[in-house]
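Here are some notes for a first reading of this entry. Please keep the structure open while going through the points.

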Amino acid sequence: MCGIVGYIGNRDAYPIIMNGLKRLEYRGYDSAGIALYDGETIQLCKTKGKVVDLEASVEKEISKTGKLGIGHTRWATHGIPNDINSHPHFSNSGDLVIIHNGIIENYATIKKELINRGYIFNSDTDTEVLVNLIEDVKKKENVKLGKAVQIALNQVVGAYAIAIFDKKKPDEIIVAKLGSPLAIGIGDDEFFVASDASPFIEFTNNAIYLEDEEMAIIRKDRDIEIRKIKDDSIVAPYVQELQLNLEQIEKGGYDHFMLKEIFEQPSVIKDTYRGRLLADKGIIKLGGLEDYIEKFTNADRIIIVACGTSWHAGLVAEYIFEDWARIPVEVEYASEFRYRNPVITEKDVVIAISQSGETADTLAAIKLAKEKGAFVYGICNVVGSTISRATHSGTYTHAGPEIGVASTKAFTTQITVLTMIALKLARIKGTISQSDYMLHLRELDLIPENVAKALKKNKEIEEIAAVFKDATNFLYLGRGYNFPVALEGALKLKEISYIHAEGYPAAEMKHGPIALIDEQMPIVVIAVNSNHYEKVVSNIQEIKSRKGKIIAVVTEGDTVVREMADYIMEVPNTPETLSPLVTTIPLQLLSYHIALMLDRNVDQPRNLAKAVTVE
Ligand code: F6R
């Protein structure tokens, strides 16, 4: 949460910082701020609201000069979103300026000590405490900024990605990382700093991703110096060549990133299995898995840890793994798992699923599982992310940047990876027949085509959205493989439209939720061809007799449910095991259209942020 961006070089920093903030706004959008330095005066502008509001304030309030700049877009933790709590923050002397993504947990104690020593605080933030702690150390120890940052960070508990500069040193920015991501873009005689590479991708493909507990002293016209925060020892920089391109982070003609990302699914699912799934030859190649295959085949059980949509993908995996590979699976909310003192042994395999690869709870669950001796496998989208590095091995989803805050293509590509893993394990263990295995490989290869067909119903789904946009509650029901899809459909609706929605296993309806049903209540039922089809039909009858409005996701050509439902959303026929990959498509579109009709900010829903780097 929070996006940070910085620049030092020979260009004007302003456009780089401002465009960078726009690209990082998915990380938080409660407030935004910028500091520009021309070697004489620091121009500071910050405001509650979005980056466009900041842009407007800059026009009125400051000059845009300076070859050094830092900017911040905030997801509020300490202190309400207002102008004062916005970053950047000055130290008391006015010499040091900082931006920070993360939380300083022991800020209250440090603040008290600093107040006793005469420091004054204007904001409620932990960040203002940190910048003054650094200033205090710098003065007390009579050291340079880099050393002061290193000493001060050893006194704080929490998570941070920071960028800080000193008015007396116009050629230097110091950055440091623990828990929150930080990338340094390396140009010719210029450097960029950001929470991810998107702010600098048009300037350079060369980047260093700082590891946890590392800091970097970045000096214009000089090399970067990377040090360990703990003991100040020098670390050799590892410069990566990035694969990201500008097109991937732009809307490409769509009105919203979310819509673009929904429509990208046929191609990104293909990207996920390209070179890994050789359907005709009956081969699945997953490098990260092959090296550790015995860990999986000998595992007593698989524990999946994740949050939100990634947790829903984990639930789908529970069905697939148990069905095909006959390995017991438990799916855990990472936030609960990490604090529950769970029973984990060396014979457990833990799969951590995370689009961003930065989710704090998932990361903590991984650390715990590793401490207890489990083998941990990561499924991440963001290459080089903290979780992808913290796991023993893993598979990237290759979905490309997901910028819409509501997760869409991450879900389907995660399921694609999990499906390949389960099929491979089942084949090795001999728990799936050759014919079933081959059938599923071929069907998986057809998924992009089937998702494309499901997307063609967009217009019809938009019409259904218009009918139900004013409903205040929705129920989503599904059974078996499509129960997690019901949960995911409900999550999509609530997070972007702010309409209350609940997902349930269809059969659970009569154990409580049925009481909610009346003629006002829309109920989305996933009723595609499956082993449970007849049972879902019975559930639909039960809803009908209570006059609920039924919106059913059905298989193309279905006649039975069509007769009973008020509205239908058709998807192509797929085996039940792969059906979540297509049944989720109409639910994503339904949420998108309803949110749009309600004039919600689809890409940046209120109170949310894309990467949840705080617990
Ligand atoms: C929902 C959504 C969140 C994330 C969750 C986990 O649309 O985006 O529920 O799925 O915060 O994020 P990752 O997958 O990045 O760990």
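1. By class, 16 nonpolar, 16 polar and 13 charged residues make up the lining of the largest pocket. Bear in mind that the model is a predicted one.

2. The lining of this largest pocket counts 45 residues. Those nearest the pocket's centre are L244, V382, V383, G400 and P401. The space inside the largest pocket comes to about 1000 Å³.

3. Which domains contribute to the lining of the largest pocket? Domain 1 (3-102 + 159-227 + 235-248) and domain 2 (252-453) each give at least three residues.

4. Among secondary-structure elements, strand 15 (240-241), helix 7 (265-273) and helix 13 each provide at least two lining residues of the largest pocket. Helix 7 has the largest share, with three residues.

5. With twelve residues at 1.5 Å a residue, helix 12 should span 16 Å, and its end C-alpha atoms lie 17 Å apart, which agrees.

6. Is helix 12 largely enclosed or largely open? Nine of its twelve residues are buried, so the rest of the structure largely encloses helix 12. Buried here means under 20% relative accessible area. The residues in question are A360, D361, T362, L363, A364, A365, I366, L368 and A369.

7. The cover over the buried residues of helix 12 includes strand 18 (301-306), helix 11 (334-337), strand 20 (348-354), strand 21 (375-380) and helix 13 (386-390). Helix 13 is also one of the elements that supply at least two residues to the lining of the largest pocket.

8. Just after helix 12, G373 adopts a positive phi of about 95°.

Note on methods:
Residues numbered from 1 in each chain as written. Predicted model: local features only at pLDDT ≥ 70, side-chain atom pairs only at ≥ 80, totals over all residues. Heavy atoms only, no water. Helix = DSSP H or I, 4+ residues; strand = E, 2+ residues; numbered from the N terminus. Expected span 1.5 Å × (residues − 1). Buried < 20%, exposed > 50% of the residue type's maximum accessible area, 1.4 Å probe, protein only. Contact = heavy atoms within 4.5 Å. 1 Å grid on protein atoms, 1.4 Å probe; cavity = no way out; pocket = protein on both sides within 12 Å on 5 of 7 lines; lining within 4 Å. Points joined across faces, edges and corners; volume = space filled by probe spheres on them. Nonpolar A, V, L, I, M, F, W, Y, C, P; charged D, E, K, R; others polar. Domains from an automatic or database assignment.
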